[in-house]
Amino acid sequence: DFMMDDAMLRKNGVSRLGNVLVPDSCYGEVLEDKLAPMFQEIFEHTDSLSTHDIIDQVGARLDNPDSLLYQCHKMGVPIFVPGITDGSFGCQLWMYYQMHRRLRIDLFGDEQMLSEMTNAAKYTGAVIVGGGISKHHVIWWNQFRGGLDYAVYLTTAQEFDGSLSGAQIREAVSWGKVKANAKKMTVEGDATISLPIIVAALED
């Protein structure tokens, strides 16, 4: 329920993501227990890594085929997190930093790899779930190669407030981030419904 008693939830150690409940015992506490020893290993011989290297190293230490990070490491698919300090994972990095002040996150390493990937690609496409900084990073780097050739936005955000999250594909065309003749579609609706339908259709 979107209208639950949030003060009561906090007293019981539960956070709310819309109508999804997240007990503290399944979130911050677990990440701290798991990530702290991983970071000790990952940064044992270096003080600086890009976000895609950090995520890959965490994926390499997971033994769970159901994990996205595990599968991306196994398949060699980089994951970029431009706002990595904004959240519990990034908070664990910050906590590690308290005792390891030489730690640096190499954001330019991420940008370099994104630039090289988009420039080297014959065609580029994006399925963008939601919005924000991750959405912008995808379309931003594609403007330097003339824009995305394919684009699908899955969103509930509205464009009238001028936010990037609510920006329609046609706006990205004006910036050269999506080609004018690209195959493109904005799907307005709950991505927890639309994305599984898309995946199911691809698997048929």
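# Reading a predicted model: rings, helices and cysteines

Q: How many aromatic pairs does the structure hold?

A: The structure holds six aromatic pairs. Keep in mind that this is a predicted model.

Q: How is a pair of aromatic rings described?

A: A pair of rings is described by two values, the distance of the centres and the angle of the planes. Take phenylalanine 39 and phenylalanine 89: their ring centres are 5.8 Å apart and their planes stand at 85 degrees, so this pair is edge-to-face. Planes over 60 degrees apart count as edge-to-face.

Q: Which parts of the chain does the pair of phenylalanine 39 and phenylalanine 89 tie together?

A: Phenylalanine 39 belongs to helix 2 (residues 28–42) and phenylalanine 89 to helix 5 (residues 88–97), so the pair links parts that are 50 residues apart in sequence.

Q: Are phenylalanine 39 and phenylalanine 89 buried or exposed?

A: Phenylalanine 39 is buried, and phenylalanine 89 is buried too. The word buried stands for under 20% relative accessible area.

Q: Which residues form an aromatic cluster with Phe39 and Phe89?

A: One aromatic cluster is formed by Phe39, Phe43, Phe89 and Tyr96.

Q: At roughly what angle do the axes of helix 2 and helix 5 cross?

A: The axes of helix 2 and helix 5 cross at roughly 50 degrees and come within 10 Å. The two helices, helix 2 and helix 5, are therefore oblique to each other. Their crossing, that of helix 2 and helix 5, is right-handed.

Q: How do helix 6 and helix 7 cross?

A: For helix 6 (residues 107–120) and helix 7 (residues 133–142), the axes come within 9 Å and cross at roughly 50 degrees. This makes helix 6 oblique to helix 7. The crossing in which helix 6 passes helix 7 is right-handed.

Q: How many helices and strands are there in the protein chain?

A: The protein chain has nine helices and seven strands. Its C-alpha trace spans about 50 × 45 × 40 Å along the principal axes of the protein chain. Of the 204 residues in the protein chain, 30% are buried.

Q: What is a disulfide, and how many does a search of the whole structure find?

A: A disulfide is a covalent bond between the sulfur atoms of two cysteines. In the whole structure, a search finds zero disulfides.

Q: Is cysteine 26 buried or exposed?

A: Cysteine 26 has 55% relative accessibility, so it counts as exposed. Cysteine 91 has a relative accessible area of 34% and is partly exposed.

Q: Where does the charged end of lysine 177 sit?

A: The charged end of lysine 177 sits over the ring of tryptophan 175, and its distance from the ring centre is 4.5 Å.

Q: What is the separation of isoleucine 55 and isoleucine 79 in sequence and in space?

A: Separation can be read along the chain or through space. Isoleucine 55 and isoleucine 79 are 24 residues apart in sequence, and their C-alpha atoms are 6.7 Å apart in space. Isoleucine 55 lies in helix 3 (residues 51–60). With a relative accessible area of 8%, isoleucine 55 is buried.

Q: Where is valine 187, and what separates it from valine 20?

A: Valine 187 lies in strand 7 (residues 178–188). Along the chain, valine 187 and valine 20 are 167 residues apart, and 22 Å separates their C-alpha atoms. The relative accessible area of valine 187 is 27%, so valine 187 is partly exposed.

Q: What is the place of glycine 146?

A: Glycine 146 is in the loop between helix 7 and strand 6 (148–155). At 41% relative accessibility, glycine 146 is counted as partly exposed. Glycine 146 and aspartate 110 are 36 residues apart in sequence, and in space they are 20 Å apart from C-alpha to C-alpha.

How values were computed. Residues numbered from 1 in each chain as written. Predicted model: local features only at pLDDT ≥ 70, side-chain atom pairs only at ≥ 80, totals over all residues. Heavy atoms only, no water. Disulfide = S-S within 2.5 Å. Buried < 20%, exposed > 50% of the residue type's maximum accessible area, 1.4 Å probe, protein only. Phe/Tyr/Trp six-rings, centres within 6.5 Å; stacked < 30°, edge-to-face > 60°. Helix = DSSP H or I, 4+ residues; strand = E, 2+ residues; numbered from the N terminus. Lys NZ or Arg CZ within 6 Å of the ring centre and 35° of its normal. Axes fitted to C-alpha atoms, helices over the stretch in contact; angles between N-to-C directions. Parallel < 35°, antiparallel > 145°, perpendicular 65-115°, else oblique. Left-handed = near helix turned anticlockwise from the far one by under 90°.
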